[in-house]
Amino acid sequence: MQKEEKQLELALDALIQRVQDLKNSLVAFLSKLENEYQTMSWPSVLDNFALLSGQLNSLGKLLKSEKVPILRNQILLPLALSPDRDQELEKLTERRVFAFNHEVVPDYLRTKPEPDVEKKIQESSVRATINTPDVAQKQLNAMNKVTSNILDIINSHRDDMESDANQKSSLAQTSSMSDTNALIAVTMFGKGLKSLRRDSSQSQPIIQQQTQQPKTQVSTGKAPSAVKTNIKAAAAVTVNKQEFAGTFTSDFEPGTISSHDNILTLNKESSPAAMSDTLNKANN
Amino acid sequence: MDQMISKVSKFAPTNEFLLQGSIMENAHDVLLHRLRGLCDNSDSPFETFTDNEMIFSMKNTTITQALNLRVRHSLIEQDSWQVRYAGMAEMGDKNRPTMVRHVIDCSTSDNIVLFLNELGFRMDHEFVIKGFYFHKGRMKVTVSKIYKMNQPGNTENLEPFSTSSLVELSVVTQQSGGEGIAEDMKSFSEQLKPLVQLEKVDHRRLQNI
């Protein structure tokens, strides 16, 4: 008996110690919240919460440990209630409770919830047992449906956002550095234009020679001037006319015939007077 | 040339501040509308130009660098001819927001080509440039496409050089007193990002590629 009482006393001391610690850290946390709320950072708030929860945990462990006798079996019994101020009690409770009277005792010595709270708890537990497993399953399914729908909506939104972001990154490609460089190089230095120009300037004389060839059949190589070649051609034609008289058409190959025909039509009535006329025209 | 510039600069603005970039075909219209909103006269229709630019150069044994003159004439208003000397654009250090180059612009008559040929200049290359221009205060913005001329002298038979368009932001100022304008240009170019990156482009590097 003696031993049990001692054990209880030790356990109570330990409990009081732990509760005291808890109270102290609560007070410290509250004063911090009241005085330093402007400068306090979220991590330090979390630190305080961690401290409190650690202390609560150790209190719970203590209550469950084997060294502590089962407190439920102990009976606490108010022997006397008095409406007068009790100085000792005031000191013990740090001026929180002034008298051990009818008003406070039911609150402080309560071992069960309040009757109306108890009633509410009972009601909800009854309601929970009313549901048959079928109904519960149905409700579960409905809940799952709703949550999966919400999940779908969230996912589709996420997809939309991601594709938007992708589009933005693809839109960013509105200018290219290499194009800029190429454009500047072409405007400043004609990069990409000069080679083209060189090609065309080489091909140009060839075309001219080809077009001139039929007219200047006699003159070989580069013609000194258009007027001179005309004279030569005309002269050649007159010579040809005399030489071949009426038979020239049969002796020539088709290609050369046509070229001579051209010149002939030009110079058919090329008497010396007409010749000098055309010469004058050319000179003018 | 520098002496000439210092002479000319007494009565004409010769300093050109320049930023360059390009815009791809797909964003071309977006850029035009943004520029229209940002620049002056936003309620009037787009102002366009079609020019033929011929670059005449004179090489000399005494001058290692060929002297280039750019003759430009409008294909819309046939009488409008201009000749421009443009120096090499200087990048400056990193703190300088734009390139700067010496420029002399001069309006001329249509016989400038003959005149330059008589002086000993020879045409180096030519192209057709078509585009839009905007202005905002002193700043000039051009968005233009460059066209190759398939036949020399024929401004009808054209082939686009690139699908992208050249974007240039420039201001021509007096030799002195152009301090604030470069900052203005920089902040204007920021408003066109990320559509166009208007930047300093090292022309010397491009020439050597």
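What follows is a chat about a predicted model, with questions on its strands, salt bridges, cores and surface.

Reader: Let's start with strand 4 of chain B. Is it buried or exposed, residue by residue?

Author: Of the 6 residues in strand 4 (residues 81-86) of chain B, 5 are buried, so the strand is largely enclosed by the rest of the structure.

Reader: Which strand does it form a hairpin with?

Author: Strand 3 of chain B, with 6 residues between the two strands. Strand 3 covers residues 67-74, and the pairing with strand 4 is antiparallel over 4 bridges.

Reader: Which residue is the bridge partner of B:Arg70 there?

Author: B:Arg84, in strand 4 of chain B.

Reader: And how many bridges link strand 4 to strand 5 of chain B?

Author: There are 6 bridges, in the antiparallel sense, between strand 4 and strand 5 (residues 99-108) of chain B. Within strand 5, B:Thr108 stands opposite B:Trp81.

Reader: What about B:Arg70, which residue does it form a salt bridge with?

Author: B:Glu53, with 2.4 Å between the closest N and O atoms. Here B:Arg70 sits in strand 3 of chain B and B:Glu53 in strand 2 (residues 47-58) of chain B, so the parts tied together are 17 residues apart in sequence. Both B:Arg70 and B:Glu53 are buried.

Reader: Which residues are joined into one network by salt bridges that share partners?

Author: B:Glu16, B:Arg84, B:Arg101 and B:Asp105.

Reader: How many salt bridges over all chains?

Author: The structure holds 14. One that involves chain A joins the side chains of A:Arg95 and A:Glu90, at 3.2 Å from N to O.

Reader: Are A:Arg95 and A:Glu90 buried or exposed?

Author: A:Arg95 is exposed, because its relative accessible area is 57% and the cut-off for exposed is over 50%. A:Glu90 has 10% relative accessibility, so A:Glu90 counts as buried.

Reader: Where is A:Arg95 found in chain A?

Author: In the loop between helix 3 and helix 4 of chain A. A:Arg95 has a positive phi of about 60 degrees although it is not a glycine.

Reader: Change of topic. How many residues are in the largest nonpolar core?

Author: It has 25 residues, and B:Leu31 and B:Leu35 are those with the most contacts inside it. Elements of chain B that each supply at least two residues of this core include strand 1 (15-23), helix 2 (28-38), strand 6 (122-136) and strand 9 (165-173). The largest share, 4 residues, comes from helix 4 of chain B.

Reader: What does B:Leu35 touch?

Author: Leaving out residues up to four places away in sequence, B:Leu35 touches B:Phe134, B:Val141, B:Val143, B:Phe188 and B:Leu192.

Reader: And which residues does the second core include?

Author: That separate core has 14 residues, among them A:Leu183, A:Ile184, A:Leu193 and B:Ile55.

Reader: B:Ser144, buried or exposed?

Author: B:Ser144 is buried, at a relative accessible area of 2%. B:Ser144 lies in strand 7 of chain B, and its contacts include B:Phe49, B:Ile129 and B:Leu166.

Reader: Last one. Which residues form the nonpolar patch on the surface?

Author: A:Leu12, A:Ile16, A:Leu63 and A:Leu71, with about 330 Å² of accessible area together. A:Leu71 is found in the loop between helix 2 (42-64) and helix 3 (87-92) of chain A. A:Leu71 is partly exposed, with a relative accessible area of 31%.

Conventions
Residues numbered from 1 in each chain as written. Chains lettered and ligands numbered in written order. Predicted model: local features only at pLDDT ≥ 70, side-chain atom pairs only at ≥ 80, totals over all residues. Heavy atoms only, no water. Patch = residues over 30% accessible without salt bridge, like charges linked within 9 Å, V, L, I, M, F, W, Y side chains within 5 Å. Areas by Shrake-Rupley, 256 points an atom, 1.4 Å probe, with all protein chains shown as cover. Salt bridge = Lys/Arg side-chain N within 4 Å of Asp/Glu carboxyl O. Buried < 20%, exposed > 50% of the residue type's maximum accessible area, 1.4 Å probe, protein only. Pairing = 2+ DSSP bridges. Core = buried A, V, L, I, M, F, W, Y, C linked by side-chain atoms within 4.5 Å. Contact = heavy atoms within 4.5 Å.
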